[in-house]
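Welcome! Please take a moment with the sequence and the structure shown here, and then read the briefing that follows.

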Amino acid sequence: LPLALHGTIIHTLDASTLEILQDCLLIIDSDGKIEKIFKDTPADKVNACISQAGHSPDVFPVKYLRRGEFLIPGFIDTHYHAPQYAQRGLGRDQTLLEWLENVTFAHERKFEDVAYAKRMYTACVQAGIKQGVTTASYYGSVHVEATKILAETCLEQRQRAFVGKCNMNRSSPEWYRDVSAEESLKETRELVAHVRSIDSEGKLVKPILTPRFAITCDDTLLSGLGRIVDETPDIHVQTHFNEAVDEMEYTRQLYPQFQHEADLYDEFGLLGPQTILAHSIFLKEEEMDRIKAKGCGIAHCPISTATLGEFMMAPIREYLRRGIKVGLGTDVGGGFSSSMLDIMRHAFIISKARETFTKGADPALKLNEGFFLATLGGAQVCGIHDKVGNFIEGKEFDALEIHTIGSEPCGSLGVMSPIEDEDSIEAIFEKFLMTGDDRNIAKVYIAGQSVKETA
Ligand code: GUN
Ligand code: ZN
């Protein structure tokens with residue numbers, strides 16, 4: 001720091017606007033913010049631009065990106081269960097509630113051991129950064145100490161994160177639940193205070209209230225969480241929302257007084273512009289109106305909703321059409337992959353299935369729309385779009401340096417489609433999104449600092 005980069009940047013301005021800008025010069029200031037973007041700047045004009053910005057070219061070592069290399073905003077994973085990192089891949093052909101009971105709670109229980117938590121969370125956050133996730137919204141386990149460790153680990157590795165302790169005081173085995181609503185609330189307050197003490201300005205890591213879902217929270221617990229929201233208006237909230245048939249049915253049995261889940265969470269004061277609702281598959285008209293009015297965001301998790309229980313397709317295009325905020329989530333480990341590239345590809349497949357299923361009324365997502373959801377859309381859902389999500393002067397520099405040309409046969413890097421001489425930048429970008437992997441993510445910057453170096 002400071003830093004200057006010259007080459008191609010690719011980002012979105014909104015769901016339908018992709019910008020590919022070649023010959024850009026980005027100047028990143030010592031706070032990690034994008035100080036200046038010079039467009040249409042050939043390499044021989046770089047020093048003049050640096051001087052024009054009031055700096056000496058000598059103190060700005062410029063990194064020149066070559067053909068096949070470009071910058072994109074960091075990926076934002078809006079829904080991730082950190083204690084499920086080691087259970088990815090387990091548990092097909094079960095309904096959601098069976099999978100929680102048979103696979104998940106036993107895995108999450110292991111996080112009562114803080115040494116295990118440190119080891120596993122270190123691996124989980126490292127893998128996220130390696131795969132280009134610059135921001136993640138994490139569910140921890142029920143354990144407050146392990147969840148503090150998760151927040152500390154994100155801060156140590158400089159990943160931007162929201163971290164929450166799961167609130168759950170019923171409908172799970174006795175060996176894996178909060179002992180009471182009061183204890184759950186007390187520990188939640190303790191976690192919020194801890195996260196705010198380790199990152200006092202909330203620059204990277206922030207607390208998030210995490211009622212697992214209404215099934216695991218009685219009304220004392222939900223109303224207590226609502227009180228915390230009242231007292232702390234800037235606090236974030238996340239939960240699972242209209243995810244699966246068995247989940248919705250059981251929720252109705254437990255809370256028969258509510259018409260639907262939007263009513264339920266709203267009644268307890270948990271719906272607001274800082275609320276992330278995972279899945280959101282079966283929303284009634286009224287629920288869409290409510291969450292739009294409240295400004296909630298949706299974490300679309302196409303892998304887990306297609307593989308856990310029945311194959312389900314959230315009507316993402318309908319949400320976008322209505323102006324509801326939408327981002328993407330891996331939902332590790334309900335989702336088997338921690339790669340946002342995989343998630344984007346599955347979002348394309350699921351939306352294609354919806355297109356066929358609705359006889360074209362609900363058209364498939366376009367490439368740039370999927371890319372928007374993984375970057376700026378996710379930033380909107382997390383309420384950090386004024387800070388990250390695309391390359392705008394004044395925002396923080398959360399970016400991935402993508403390399404696509406290497407020394408494998410045919411010049412490819414890793415196993416992505418080889419880049420051929422005639423390939424346009426549009427083709428190179430599409431090949432990366434559809435066939436690239438973490439080997440093509442050469443560098444990761446978070447708030448201007450390099451946190452992954454391979455080249
Ligand atoms: N609903 C309640 N808990 C979970 C979970 O861990 N994963 C998913 N996908 N849904 C849930
Ligand atoms: Zn989940």
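Helices (H or I, at least four residues) and strands (E, at least two) are DSSP runs, numbered from the N terminus. This is a predicted model, in which local features need pLDDT of at least 70, side-chain atom pairs count only at pLDDT 80 or more, and totals for chains, interfaces and linings use all residues. Residues are numbered from 1 along each chain as its sequence is written, while chains are lettered from A and ligands numbered from 1 in the order in which they are written.

**Confidence**
- The chain has a mean pLDDT of 96, pLDDT being the predictor's confidence in each residue, from 0 to 100.
- Residues that reach 70 or more make up 100% of the chain.
- For the complex, the predictor gives an ipTM of 0.99 and a pTM of 0.98.

**Around ligand 1**
- The shell around ligand 1 consists of His-81, Leu-96, Leu-100, Thr-104, Arg-212, Phe-213, His-240, Glu-243, Ser-304, Asp-331 and Gly-334; a residue is near a molecule if its C-beta atom, placed from the backbone, lies within 6 Å of it.
- Helix 2 (residues 96–109) gives the most to this shell, with 3 residues.
- By class, the shell has 3 nonpolar, 5 polar and 3 charged residues. Here Ala, Val, Leu, Ile, Met, Phe, Trp, Tyr, Cys and Pro count as nonpolar, Asp, Glu, Lys and Arg as charged, and the others, Gly among them, as polar.

**Two domains**
- The chain is divided into domain 1 (3–72 + 391–453) and domain 2 (75–381), with bounds that come from an automatic or database domain assignment.
- The contact between them takes 20 residues from domain 1 and 24 residues from domain 2; two residues are in contact if their C-beta atoms, placed from the backbone, lie within 7 Å.
- On the side of domain 1 that touches domain 2, at least two residues each come from strand 1 (3–14), helix 14 (425–435), strand 16 (441–446) and strand 17 (449–453).
- That side of domain 1 has 10 nonpolar, 5 polar and 5 charged residues.

**Nonpolar cores**
- A nonpolar core is a set of buried Ala, Val, Leu, Ile, Met, Phe, Trp, Tyr and Cys residues joined through C-beta atoms within 7 Å. A residue is buried if 20 or more other C-beta atoms lie within 10 Å of its own, exposed if 12 or fewer, and partly exposed in between, with C-beta atoms placed from the backbone.
- The largest nonpolar core has 121 residues, of which Leu-26, Tyr-138, Leu-150, Val-163 and Met-344 touch the most other members.
- Helix 13 (residues 367–381) gives the most to this core, with 7 residues.
- Both domain 1 and domain 2 supply at least three residues to this core.
- Another core, of 5 residues, lies apart from it and includes Leu-96, Trp-99, Leu-100 and Leu-308.

**Backbone points to look at**
- Most residues other than glycine have a negative phi, and most peptide bonds are trans.
- Asp-93 is not a glycine, yet has a positive phi of about 55°. Asp-93 sits in the loop between strand 6 (75–81) and helix 2, and counts as exposed because it has 9 C-beta neighbours inside 10 Å.
- Arg-158 also has a positive phi, of about 65°, and lies in the loop between helix 4 (144–157) and strand 8 (160–164). Arg-158 counts as buried because it has 21 C-beta neighbours inside 10 Å.
- The peptide bond from Val-332 to Gly-333 is cis, with omega near -5°.
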